[in-house]
Structure formats: structure tokens, C-alpha cells
Amino acid sequence: MSNATLSNETVHRVSFLDKASLHIPILRVLQADGTTYENAVLPVIDQDLAAKIYDTCVFTRVLDERMLGAQRQGRISFYMTCTGEEAAIIGSTAALDKGDVILAQYREHAALRYRGFTTEQFMNQMFSNEKDLGKGRQMPIHYGSKALNYHTISSPLATQIPQATGVAYGQKLKGERNVTICYFGEGAASEGDFHAGLNMAAVLKAPVIFFCRNNGYAISTPTEEQYAGNGIASRGVGYGMHTIRVDGNDMLAVLAATQQARAYALENNAPVLIEAMTYRLGAHSSSDDPSGYRSKDEEAKWQQHDPVKRFKLWLINKGWLNEADDVKTHEQYREEVLAAVKVAEKLPVPRLDEIIEDVLDKPTAVLKKQLKDLKEHINKYPKAYPKSAGRL
């Protein structure tokens, strides 16, 4: 940044700035009772869009409920819910064009559902069977879909942030009228990749929306032990990009913020940072016990800010939803998910040869040798590998 773009104000006494020097308001449109705030400016939304958003909310809640139960039964090895963060994820995805690219962290399966990922596709991935788009090479919930412009999830934290800058810069160079959105938690914002990715996007003017789900905890570490500054939004301002803080449990506020962020990113070929203040109502993952680091009273307090309930009340107030239809939809999805589980868990795993396919244009001699050794090992101990032994 040249000195010409910096402030020209001169002072003659020492005057420090601190986090209180930057005032960051929080955008709210929808109240807890389903009514909007006085003078609130609503996003662009009609009944069809609202119905699709809420349908995605219901499916995601049912999927989380059923699959966490399946993990507890030992049917899948791992699961992560997005319970409590649906407005942040679905509200932002709903503001995008289907050609926009999504790079997610690991709690954004609702975004994939909104894009059209089927119940069967979810199950095939979680059970790593022969129909899994990832060919069984990923942990459960590490989805990816080229057809839906949804990059495959990576377990390492924050790797998607600089990658998103690269994707968006590529869109810009090719003259595409699309943006990239990158999801991450406030914990990931402590990683070096966050700073590299944001600075690169700001300098290169890449049309990327950085969407931070600030849900209060990086697994068990509360925000007050993660940073001393004014949240994550202040960092966006520091890197010279348009920034907004929004109530992440307010579906309409998230939708409005992301719609305008997308418009700005396209018009100016520039990045935007959205910090959505929300709360993870469930555990970090199926391997986590949140009772060790937060109280039941705290969880009960945040239950009152349930984003799905708030949006449901707004739909009912609008006359776009009734309780009978809502109950029916929940039951239909419970049956659909359970039926898909029973089918997916019985399908065989991918052929063993696929483990070295799609990695390089042609498998190297080393890869072929490793595959041969693996097959010999499985043939020698077939009882230890009951699923793979039949797929040699």
C-alpha cells in the first residue's frame, strides 16, 4: 500500500489507537418473535426462496439428528452438526448464484443441500461406499461436488482460505461474473493461512466473500482466550476490505448482508469480510463433550436464539407456513434419511484399484508397487479387512 492511501492527518502528541477506536455495529433484521425491527431493510426474498431456505433448514436438522445417532450406534465413524448455525450457512448460500464457488470448512453441509445434494449422495459419502463421489478417500462429512461448485473439504484448519483467494482471482482473470465464498470459524482466523489469504485477496482485488462463523468456541477454547481485538471484523478493515458484522442467527440479516456483499465483490472485483455472530448449539463433533467447557445455563440461553425457530415464526407471520405442513415435512425427511441409511450402509466399498486412480494422470511404478503390496497384505489377512477383501 502506498503512503498516498494512508491518512494524511498529523498530530503533535503521542496518540494511540485501541480496539475501542473502531466502532463495528451488528446488523439485525429479524427479532426472536419472528417480527422485523422497525425501519429494518429486508433482503430480496419471495415466498419460493423463503420456502427453499426453510426446507433446507428442516432437512439439515433431521440429517444432523439422525446421523449423530448413527455415529453413536457405530454405523459411521464421525459426524459434525451445524445445529444453531443454520442461518449463517443457509442464509449466505441463498444469496449466491449457482455458478459461485463454495469453499467450506466442515460444518457447511447445509450449503451443499441448498445447492441440490441429494439424501443418497450424503449417505454414500458418509458410508464411503462405491457410489461416494470421493471414492471413500475422505472422512465422513468431508463432502465435495464438482457439479455443484463445492470444493472438497479438507480436515486441516484454514487451508481453504488462501485457496479461495486463488479461485476468486482465477474467476477475475477469466472474466467470469461469479464470486467465491469461503467459510471458516473464528478459530481458523488464528491460523496464518487466514492472514495470508485475506491480505492476498485485498491486494489482488479478488472477488471473494470471506464468511466467518464466530460461534464462540474453537472446539473448547472460548473467544476471550483466542483474541484480544474487536472480533474478526476488525481484521477485515485492517486489511483494507469492505466488512460487516451480522447477527448470525438472523436469516434475513445474513441473506441481506451476503446479497450486498456479492454485488459489491462483482462490481468492484474486490473481497468482502462478513463476521456472523452465532453459537454452536451442539458439540464440536461426535468426538467432543461440551459439558467440559460450557454450562447448561449458557446453552439454554442460546436455545432462545434458535435461528430456525426465529425464521419459522417469520414464515408463519407471513402466512407462508403452517404447523401441520411443518410437522409433515419433518416426518417425511426422517423417513427419507432413515431409508437412505439402510441402503447406503449395505453397498460395497469402492474397488481397491481406485485408491491410486485420479491422483496422477498415470499411476507411477511406486504407486503400482504399493497397491500390489496392499493387495497381498489383505489377501493374507482377509478377516482383518472384511470390506476390502471382497473388492480386490
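These legends go with a handful of close-up views of the structure above.

A quick note before the views: the model is predicted, with local features needing pLDDT of at least 70, side-chain atom pairs counting only at pLDDT 80 or more, and totals for chains, interfaces and linings using all residues. Residues are numbered from 1 along each chain as its sequence is written, and side-chain values use heavy atoms, with hydrogens and water left out.

View 1. Six strands make up an open sheet in the order 1-7-8-4-3-2, paired in parallel. Strands here are DSSP E runs of at least two residues and helices are H or I runs of at least four, numbered from the N terminus; two strands pair if DSSP finds at least two bridges between them. At the edges sit strand 1 (26-27) and strand 2 (101-103), each pairing on one side only. Helix 5 (residues 160-174) packs on the sheet and touches strand 2, strand 3 and strand 4, with its direction at about 170° to that of strand 3. That angle is taken between N-to-C directions on a scale from 0 to 180 degrees, using lines fitted to C-alpha atoms, for helices over the stretch in contact.

**View 2. I181 in strand 3.** I181 is part of strand 3 (residues 180-185). Neighbours within four places in sequence aside, I181 is in contact with S92, L96, V101, I102, L103, I209, F211 and T258; contact means heavy atoms within 4.5 Å. I161 is 20 residues from I181 in sequence, and their C-alpha atoms are 9.5 Å apart.

**View 3. Strand 4 and its two partners.** Strand 4 (residues 208-214) runs parallel to strand 3, joined to it by six bridges. T180 has V208 as its bridge partner in strand 4, and G185 stands opposite R213. To get from strand 3 to strand 4 the chain passes through helix 6 (residues 192-204), a right-handed β-α-β crossover; right-handed means that, with the strands pointing away from the viewer, the path from the first strand over the helix to the second runs clockwise. Strand 8 (residues 272-277) is also parallel to strand 4, through six bridges, and F210 has L273 as its bridge partner there. How covered are the two faces of strand 4? V208, F210, C212 and N214 on one side are buried, and so are I209, F211 and R213 on the other.

**View 4. Two aromatic pairs.** The structure holds 13 aromatic pairs, counted for rings of Phe, Tyr and Trp (its six-membered ring) with centres within 6.5 Å; planes under 30 degrees apart are stacked, over 60 edge-to-face, the rest tilted. Y54 and F311 have ring centres 6.5 Å apart and planes at 45°, so they count as tilted. Y54 belongs to helix 1 (residues 47-72) and F311 to helix 10 (residues 307-318), so the pair ties together parts 257 residues apart in sequence. Both Y54 and F311 are buried. For F122 and Y143, the centres are 5.1 Å apart and the planes at 85°, so that pair is edge-to-face.

**View 5. An aromatic cluster and charges over rings.** F59, F117, F122, Y143 and Y333 form one aromatic cluster. The charged end of R113 sits over the ring of F59, 3.6 Å from its centre, and K52 has its charged end over the ring of Y114, 4.2 Å from the centre. The criterion is NZ of Lys or CZ of Arg within 6 Å of the ring centre and within 35 degrees of the ring normal.

Notes:
Buried means under 20% relative accessible area, exposed over 50%, partly exposed in between (1.4 Å probe, protein chains only).
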